[in-house]
Amino acid sequence: MKLSTNALRSSPLAIAFIVGAAVVILFASRFPSGGEVGPGFFPIGISTGIILFALVELVTEDDGGLDVSDHDLRAAGVVLALVFGYLVAMPLAGFLVGTILFLPVILYYSGVRSPTTIAVISLLLPLALFYIFSQFFLVPLPEGVIPFSRLLPRLPVWVML
Amino acid sequence: MIEYIIAGLTNVLNPFTLFLMVAGVLVGILMGSIPGMTATMTVAVLLSFTFTMDPGNGMMLLLGIYGGAVYSGSIPAILIRTPGTPSAAATIFDGYPLSQKGEAGRAIRISTVASFIGGVISVIGLMFFSPLIADAALQFRSPEFFALALFGLTIIASVSGDSLPKGMISGLLGMLVATVGIDPLTGFQRFTFGVPELLTGVQFIAVMIGLFGIAEGMKAYSSGIDDEGKKVDQDIDGILPSLSDLKAIGPVSTASGIAGVLIGSIPGAGGDIAAFITYNEATRWIKDAVPSFGEGNVRGIAAAESGNNASTGGALIPTLTLGIPGDSVSAILIGALMVHDVQPGPALYQEETTLLYTIFVGFLLIYVLILVFGLLGAHYWVRLINIRESLLWPAILVLCVIGAVALRGNLFDAWVMLGAGALGYVLRLRGYPLAPMVLGLILAPIAETNLRRSLSLSGGSFDIFYTSPIALVIILLSVATIAVPAVRSLSSRSSA
């Protein structure tokens, strides 16, 4: 039982965990001591555990991952990028407008081609969520630079009761 | 106890609470019927709807979704040989063959009744046994709670996924994330890097939404989104199961229900494990099965469905009594309670008794709703399988974002959610189970506070952990949980 280059290649995350945990140990070892065990004790203990189990994974060449060839990694990346863009736009556009802009793009990327379906979902879902959260649950949502959502009529009082 | 049951009943019969239970069950049935939409994801994504509700109402909505989704996962398992949720995987063995014989309606009716029996047994078990466990746990001090947290982590790592090292790494990563923020004992800022939002730590609900919503979404898109629907067009006739079927499934549903509660109460052993074990036991014990198991036997369907639904109440036993989640959904339920400053654990049984009995009585009523809607609506639920994923995933992604934003009213938590989603996706691709990470997030504060408090009490000596018999037994169990599979794996490698 030894560490082979094959194991290092098949478990790249294990290597990343070992490096990351070592950095955490270095960082946490500079924390001040306090009482019997200081604030660095637990993170150091956890990171040591991560290093130990990552080494076990490397030694045993344990590769139980999914078959990546079945996965279109680009599609996952596109979804991540779209949500990333949605979050970047939200402080500027606000939740309502940001969602109205995000939905047509993601719906189209998901394979929906009917303009009517895209338009209906892209308008009704953000409006419904806006009213439920902002007016019914009174959860403040980002309004954006120009607060278009304030132009919408408020829910009738009987609904709020 | 009677007065608390009456108080709980009064609470759940409130029209708004009833509405939430019905809505939860219907949403749960809807999402559980669609392959790939798990109960965990649905509860995580819709958790944000409960932030401003009182804890009892919030729990009713979430438990309705949980029960509904675990039940309805059987519908696609029976009709198209694809489980709606992992819990329904064992239902395929006999459900699909029965459906192939043109008896899909009969299979769904059996599944509905068995789910009801399992669910009711689990709630009764929860109602009567959890107060006893909570009473015993009231005697626990810091060493015992540290040992329990350690045991929770090791057991979930060993039963989640195929690899113990990967399970442990996932759990430890969750624990490491939970150390971010102000140190609870000294007030020192750990890993906050000057970011004010991190002073109170990483919001674990945001992490959970990322792990179970965004990561699942990325996986769905990378596997290929279905834009056509599954095109199920079988007609489901009749409403009630026949008397002979009820007689046939009664004993096996009851036995599987009891077993399901016990299995579900082990942290990490969720509905899928419960269903496989109860199905397997049914095939071992029932010798006169006609038709044989695997060829459309109604008792096979009943064993699997009663077992997986019984695990729901079972999972709530360690969740509510010890604060250690029984599965991923109950981890989210802990989050839902903590949003309202309700901390699960033995003290909950002293301080929030009415809330607890509202949960018990409400969960019982939820299973009655599942029975009623399941039988009356079977004709419609089968059509849900035809819903196009291409319409659902965009809506789920938006719900993930609004869920994280609504948590504290800021975008920082949404970024945390997105980061957790990306990490979760990569981890899943490499075969790391995500459930231990969630448990690690929840258990880390319990483990750390009690470890350090114990060491303060003992003047820094670790003797305190083995001079307490309970702590010692639990720690030995934790060591055995890791050591036994490791030794077995090493010996099988060396003999190969």
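At what angle do the axes of helix α2 and helix α16 of chain B cross, and within what distance do they come? I looked that up before anything else.

**Ground rules.** I am working on a predicted model, where local features need pLDDT of at least 70, side-chain atom pairs count only at pLDDT 80 or more, and totals for chains, interfaces and linings use all residues. Residues are numbered from 1 along each chain as its sequence is written, while chains are lettered from A and ligands numbered from 1 in the order in which they are written.

**α2 and α16.** I found the axes of α2 (residues 15–32) and α16 (residues 353–384) of chain B within 9 Å, crossing at roughly 45 degrees. Axes here are lines fitted to C-alpha atoms, for helices over the stretch in contact, with angles from 0 to 180 degrees between N-to-C directions. That makes α2(B) oblique to α16(B); under 35 degrees would be roughly parallel, over 145 roughly antiparallel, 65 to 115 roughly perpendicular, and the rest is oblique. I noted the crossing as right-handed, meaning the near helix is turned clockwise from the far one by less than a right angle.

On the α2(B) side I listed Met21(B), Val22(B), Val25(B), Leu26(B), Ile29(B) and Leu30(B), and their partners in α16(B) include Gly362(B), Phe373(B) and Trp381(B). Contact means C-beta atoms, placed from the backbone, within 7 Å. The residues of this contact split into 13 nonpolar, one polar and no charged. The classes are Ala, Val, Leu, Ile, Met, Phe, Trp, Tyr, Cys and Pro as nonpolar, Asp, Glu, Lys and Arg as charged, and the others, Gly among them, as polar.

**α3 and α4.** I then checked α3 (residues 39–46) and α4 (residues 55–72) of chain B, whose axes come within 9 Å and cross at roughly 160 degrees. α3(B) and α4(B) are therefore roughly antiparallel, and this crossing is right-handed. Ala39(B), Thr42(B), Val43(B) and Leu46(B) of α3(B) make the contact with a set in α4(B) that includes Leu62(B), Ile65(B) and Tyr66(B). I get eight nonpolar, one polar and no charged residues there.

**Chain B overall.** I count 21 helices and two strands, using DSSP runs numbered from the N terminus (helices H or I, at least four residues; strands E, at least two). The radius of gyration is 22 Å, close to the 23 Å of the globule rule for 496 residues, so chain B is as compact as a globular protein of that length. That radius is over C-alpha atoms, and the rule is 2.2 Å times the number of residues to the power 0.38. Buried residues make up 64% of the chain (20 or more other C-beta atoms within 10 Å; exposed is 12 or fewer, partly exposed in between).

**Glu103(B).** I located Glu103(B) in the loop between α6 (92–100) and α7 (104–137). From there Asp237(B) is 134 residues away in sequence but 9.2 Å in space, C-alpha to C-alpha.

**Chain A and the interface.** Chain A has six helices and zero strands, and 31% of its 161 residues are buried. The contact between the chains takes 54 residues from chain B and 57 residues from chain A. α17(B) gives the largest share of the chain B side, 11 residues. I sorted that side into 32 nonpolar, 13 polar and nine charged.

Key:
Contact = placed C-beta atoms within 7 Å.
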